[in-house]
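Please keep the model open while reading.

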Amino acid sequence: MRDVVRESLERLGVQPVLLADLPELPADTQGLLVYGSQARGDAVADSDVDLLALVEIPRPSTHAGIFNVSYYTKEQLGTGIGTLFGSHLKRDSRIIWDPGEILGPVVAAMGDVDTTRLLRRAREMSQLFTTPEHDLPKYLPGLLRQARYLLRSCLYAETIARGEPCFSVRELAIRYGDPSLTRLLASRHEGGHASEEDLSQCLTRLEHILGPFRVSRHGSLEATIVNQWEHPGDLLSMAFLVLGVTGQGSDYAEVEKILL
């Protein structure tokens with residue numbers, strides 16, 4: 001499998017010297033695809049390689065060099081039907097290994113995203129950013145990571161609603177006349193530094209799309225988890241991601257279902 005994957009990535013333009021960082025995939029891997037800029041063909045010199053592995057057992061995402069690997073079971077990936085991420089996979093991903101022909105049909109079934117529903121759900125999630133007096137600076141990295149995720153998702157949704165789909169951060173910056181988006185929404189940030197200024201910039205842009213954020217029903221991130229524990233849903237899943245309970249660095253495969 002590894003040789004097939006390496007050859008496929010080379011054909012997509014990934015430099016052979018960079019393939020040394022390609023992580024070993026678990027033995028239960030059933031299929032592999034590449035998505036993002038490398039799949040679309042608009043990658044630049046420092047672009048990451050985003051891989052999705054279909055596996056039998058859930059596990060956290062891994063990161064090595066330029067490679068980001070998210071692991072999904074068939075059941076987890078099936079929750080992407082009608083989501084932005086699912087639509088992105090169906091439109092742009094390239095399957096590079098699928099010997100049992102399992103991954104292909106799952107991706108083909110993703111369908112289109114309901115952008116109105118996505119924005120409504122994002123507005124509900126926005127309440128997690130309204131209690132900074134309790135949550136900053138303790139949870140700044142998680143808040144910034146998820147603010148980027150929501151902003152990126154909402155901008156993508158807007159382009160789809162306008163009939164001009166876009167899943168490129170660099171293209172978003174051009175379309176919106178906002179050069180700062182390229183840095184703010186980049187999937188990789190050198191040194192992992194999180195700043196309150198970046199959080200503020202993301203939230204200002206997000207509020208421009210969603211309108212005023214919902215007031216938190218619980219008063220803090222920790223209280224949200226306690227009070228939503230018996231009512232699992234978007235809010236609880238997002239709070240887990242902010243607090244880093246379910247993993248580090250990924251927007252997607254750290255919870256049981258695809259959120260947006």
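## Terms and basis

Helices (H or I, at least four residues) and strands (E, at least two) are DSSP runs, numbered from the N terminus. This is a predicted model, in which local features need pLDDT of at least 70, side-chain atom pairs count only at pLDDT 80 or more, and totals for chains, interfaces and linings use all residues. Residues are numbered from 1 along each chain as its sequence is written, and side-chain values use heavy atoms, with hydrogens and water left out.

## Leu-221

Leu-221 lies in helix H12, which covers residues 221–228. Its relative accessibility is 0%, so Leu-221 counts as buried; buried means under 20% relative accessible area, exposed over 50%, and partly exposed in between (1.4 Å probe, protein chains only).

Which residues does Leu-221 contact, leaving aside its neighbours within four places in sequence? With contact taken as heavy atoms within 4.5 Å, the partners are Leu-128, Thr-131, Asp-135, Tyr-139, Leu-143, Val-242 and Leu-243. Leu-128 is 93 residues from Leu-221 in sequence, yet their C-alpha atoms are 6.4 Å apart.

## Overall fold and size

The protein has 13 helices and 5 strands. Its C-alpha atoms fill a box of roughly 50 × 40 × 35 Å along the principal axes. The radius of gyration is 18 Å, which agrees with the value near 18 Å for a compact globule of 260 residues; this radius is taken over C-alpha atoms, and the globule rule is 2.2 Å times the number of residues to the power 0.38.

Of the 260 residues, 54% count as buried. Among contacts between residues at least 6 apart in sequence, 63% join residues at least 24 apart.

## Surface and charge

The protein exposes about 12000 Å², and carbon and sulfur atoms supply 52% of that area. Accessible areas come from the Shrake-Rupley method with a 1.4 Å probe; for residues, only the protein chains shown count as cover.

There are 26 positive and 35 negative charges, and their mean positions are 4 Å apart. Lys and Arg count as positive and Asp and Glu as negative, while His and the chain ends are not counted. Each charge is placed at NZ of Lys, CZ of Arg, CG of Asp or CD of Glu.

## Cysteines

A disulfide is a covalent bond between the sulfur atoms of two cysteines. How many disulfides are there when the rule is a pair of cysteine sulfur atoms within 2.5 Å? The count is 0. Cys-154 is in no disulfide, and the nearest cysteine sulfur, that of Cys-202, is 12 Å away. Cys-202 is likewise in no disulfide.

Cys-154 counts as buried because its relative accessibility is 0%. Cys-202 is also buried, with a relative accessible area of 0%.

Key: A disulfide is a pair of cysteine sulfur atoms within 2.5 Å.
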